[in-house]
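Here are my notes on this one, in the order I went through it. Have the model open while you read.

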Amino acid sequence: MNGPVANDRSRGGPGLKAGDRQSAVASLAAGMAHELNTPLGAIHSNHDVIRRALARLQDILADEVVTPDELNDVRRVVRALDGVLGTNDLAVRRMRELVDNLRRFDAHAAERVSLNICDVIEDTVRLLHHRLAGITVVREFQEVEPVECGPGRLHQVVANILVNAAQAVREQGGQPQDITITVDTAPNGMVRTSFRDTGPGIPERVLDRVFEPGFTTKGDRVGMGIGLSVCRDIIEGAAGEIVISNGPNGQTPRGAKVTVLLPPARKAHEEESP
Ligand SMILES: Nc1ncnc2c1ncn2[C@@H]1O[C@H](COP(=O)(O)OP(=O)(O)OP(=O)(O)O)[C@@H](O)[C@H]1O
Ligand SMILES: [Mg+2]
């Protein structure tokens, strides 16, 4: 098997030098495109469900008489539409948050809200439903304190990590195709979230480069190489820490593990007030 080819957009160029307006705008646009991809992808795949549901309803209603079986079908289709609409609501809310964040970039850059990480994970898994199809997402959630982060930011972190995990699990191609998300409190009191996958893991030679902006092993068409760098910016901006590692040597599949540590909201406040 050929090893992954690293495509490093951060190397050799001036990158995001202060005052380089053009590259700042390009980077902002790339970030926006990356973020919008999750809710937009959910709406796009749901469109298909809605179209098929509508066709089925039209089919049934074309007859003069509706049989009991068809009536059951109508109920099933309406239930499915209800679920799809709920997900689309969530997606539209996310896109509105993204646009709001962008609009208020300067004025509210430091704004934070109190969030339950488990709720953020559930919302994000729902939005990524189409990308996680066929993958078992195992939740091992303990009750934890709320954390604080900019609106929508934590969703973005969870989405970027889950998309990477899904891509890795599919790449491996075998079974099982699992992503295990664990939420608990670390010994130092931080809220700890770990994402383990059953993909091939990260090649040792690139392990210390995965957070570099523009670094990708996925090729231009798949990866922009900004997912993990955005995660790190967001988590460090919230006084947290993000680390990535592989499963134990000899474990098959080896799998990657991303751990996010965030201070509980209470602690973040204590540190802010003198
Ligand atoms: N779960 C994982 N398993 C294996 N490799 C991973 C995993 N997560 C990240 N990586 C490696 O880290 C690199 C950087 O990840 P990052 O999310 O920043 O960019 P990307 O996924 O390549 O592109 P983008 O997220 O912008 O679409 C990936 O190209 C891949 O080599
Ligand atoms: Mg990625």
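1. Strand 8 (residues 241–246) runs antiparallel to strand 9, with six bridges joining the two. This is a predicted model, so read each point below with that in mind. For a spot to look at in this pairing, take I244, whose bridge partner in strand 9 is V258.

2. Strand 6 (residues 191–197) is also joined to strand 9 by six bridges, and that pair is antiparallel too. Which residue of strand 9 is the bridge partner of F195? That would be V258, the residue that also partners I244.

3. Now the faces of strand 9 (residues 256–262). A256, V258, V260 and L262 make up the covered face, while K257, T259 and L261 sit on the uncovered one. In a regular strand the side chains alternate between the two faces of the sheet.

4. On to helix 4 (residues 153–172). Its 20 residues reach 29 Å from first C-alpha to last, close to the 28 Å expected. Is helix 4 mostly covered or uncovered? Mostly covered, with 16 of the 20 residues buried. Just after helix 4, G173 takes a positive phi of about 75°.

5. Helix 4 also matters for the ligand 1 shell, as it supplies the largest share, four residues. Strand 7 (215–216) and helix 5 (227–237) each give at least two. In total, 23 residues surround ligand 1, and the closest are A168, T216, G223, G227 and L228.

6. As for the make-up of that shell, I'd note 10 nonpolar and 11 polar residues around ligand 1, plus two charged ones.

Notes
Residues are numbered from 1 along each chain as its sequence is written. Chains are lettered from A and ligands numbered from 1 in the order in which they are written. This is a predicted model: local features need pLDDT of at least 70, side-chain atom pairs count only at pLDDT 80 or more; totals for chains, interfaces and linings use all residues. The expected span of a helix is 1.5 Å times one less than its number of residues. A residue is buried if 20 or more other C-beta atoms lie within 10 Å of its own, exposed if 12 or fewer, and partly exposed in between; C-beta atoms are placed from the backbone. A residue is near a molecule or strand if its C-beta atom, placed from the backbone, lies within 6 Å of it. Ala, Val, Leu, Ile, Met, Phe, Trp, Tyr, Cys and Pro count as nonpolar, Asp, Glu, Lys and Arg as charged, and the others, Gly among them, as polar. Two strands pair if DSSP finds at least two bridges between them.
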